[in-house]
Amino acid sequence: MLERLFQLQAHGTTVRKELVAGVTTFLTMAYIIVVNPSILSATGMDFGAVFVATCLAAVIGTLIMGLWANYPIAMAPGMGLNAFFSFTVVGSMGYSWEVALGAVFISGVLFFLLSIFKVREWIINSIPLSLRFGISAGIGFFLALIALKNAGIVVDNPATLVALGDVKAQESLLFFGGFLVICALSFRRVTGAVMIGIIAVTVAALALGLIEYKGFFSAPPSLAPTFMQLDIAGAFNIGMISVIFAFLFVDLFDTSGTLIGAAQRGGLLDKDGKLPRLGRALMSDSVATMSGAALGTSTTTSYIESTAGISAGGRTGLTAVVVAGLFLACLLLAPIASIIPAYATAPALLYVAVLMTSGLKLIDWDDITEAAPTVVTALMMPLTFSIAHGIALGFVTYALLKALSGRWSELNLSIVIIAVIFILKFIFLDAA
């Protein structure tokens, strides 16, 4: 049965290799089951319900990717977009989390339509690499700011906007220790480095009496507080256009980049360098996002951590099925997940931030028309506390700078259209 479903021999793999690969991938991304509820609960969402929604969204998306697209790619709520959901859409813009979930669902529907009508290639190919790297780095800086804030390292200051917090506090020291542990283990290529760091900080906090042990296993919490609570009608608000656009764009780039990167690592590309069944893989992502929004979590996307399992020998969807099974088993770990403090998950956020900013090394810094929009995009995300604003200002800067520099040939129709839409938004919507 497994041979018929996954064509193991044709992909040069075995059941044992796929099992090992699935466990490896799961260990590298298991941190999301505690980090995502921690971030989304800041909106007032029930921690236990988000914990269940996170696990189930990962299970559904990863199963679809494995059984339908037959790829060893795991899925779960994405880092960066969960922070945008909580701290920008709900925290800064003032929308309810129900409306934010509606926006996530709509972005999933649009992603699905783009995949069906094959518009995705046109969009991806028309966006310059400098802006893509700027978006990734900006999300990284955004996560870094949230991590440092959660750990009490960066605090608000009326005179200087931000200032250094109490770095001698126990929580701050545990945060620094956790971050160093994660980085050191990652350098040594230890599987599950991020999860080990989170657990180490939590155990230390328990030993110091900073948190209280509430048990390890229990029946899963109720999903009722978030299940089908999304407000789709409320998301059809003209002010939500940039939010939906941000959810869609970041998911599109994340998924496409992850699929291509993972496929290259595993030798899954065809003789023409293209990814077979790309449409199925992208539609798996969009269905997972819609399902996740219905369950009660932010955008579900493909995880680059899947390359860890591919490096361990995973080549088919059986790897993904193993990951899905392990996420399903995690539903019994709600008590231990609920006691993990913010300063224990903050090191994971900062570590992910480091990874996301690495693309800046590929920017042509000698070309100011490429470098400037990249820097604007990356810096405006944390400084405005909004991924959407960073993307918008980056596109506008890129289009205007290329035009003023006389390099019209480097502009394509999609960039011009997007830039004009954002300019009109800033003039009419934000002014109002």
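**Notebook: helix packing and cores**

First thing I looked up: H8 and H17 cross with left-handed geometry. I'm working from a predicted model here. H8 covers residues 129-150 and H17 covers residues 342-356, and I get an angle of about 160° with the axes 8 Å apart. Angles over 145 degrees count as roughly antiparallel, so I log H8 and H17 as roughly antiparallel to each other.

Next I listed who touches whom in that pair. On the H8 side I noted Ser-136, Ala-137, Ile-139, Gly-140, Leu-143, Ala-144, Ile-146, Ala-147 and Asn-150. From H17 come Ala-342, Tyr-343, Ala-346, Leu-349, Leu-350, Val-352, Ala-353 and Met-356. Sorted by class, the contact of H8 with H17 holds 14 nonpolar and three polar residues, with no charged ones.

**Entry: H4 and its partners**

I then went to H4, residues 47-69, and checked it against H13, residues 278-295. Their axes come within 9 Å and cross at roughly 160°. That puts H4 roughly antiparallel to H13. The crossing of H4 and H13 is right-handed.

For the contact, H4 brings Ala-53, Leu-56, Ala-57, Ile-60, Gly-61, Ile-64, Met-65, Trp-68 and Ala-69. They meet H13 residues including Arg-280, Ala-281, Met-283 and Val-287.

H3 passes H4 in a right-handed crossing. In H3 I found Ile-32, Ile-33, Asn-36, Pro-37, Ser-38 and Leu-40 touching Phe-47, Val-50, Phe-51, Thr-54 and Cys-55 of H4. By class that contact of H3 with H4 has eight nonpolar residues, three polar and no charged.

**Entry: nonpolar cores**

Which residues have the most contacts inside the largest nonpolar core? I got Phe-84 and Phe-85, in a core of 109 residues. H17 gives the most to this core, with 10 residues.

Key: Residues numbered from 1 in each chain as written. Predicted model: local features only at pLDDT ≥ 70, side-chain atom pairs only at ≥ 80, totals over all residues. Heavy atoms only, no water. Axes fitted to C-alpha atoms, helices over the stretch in contact; angles between N-to-C directions. Helix = DSSP H or I, 4+ residues; strand = E, 2+ residues; numbered from the N terminus. Left-handed = near helix turned anticlockwise from the far one by under 90°. Contact = heavy atoms within 4.5 Å. Nonpolar A, V, L, I, M, F, W, Y, C, P; charged D, E, K, R; others polar. Parallel < 35°, antiparallel > 145°, perpendicular 65-115°, else oblique. Core = buried A, V, L, I, M, F, W, Y, C linked by side-chain atoms within 4.5 Å. Buried < 20%, exposed > 50% of the residue type's maximum accessible area, 1.4 Å probe, protein only.
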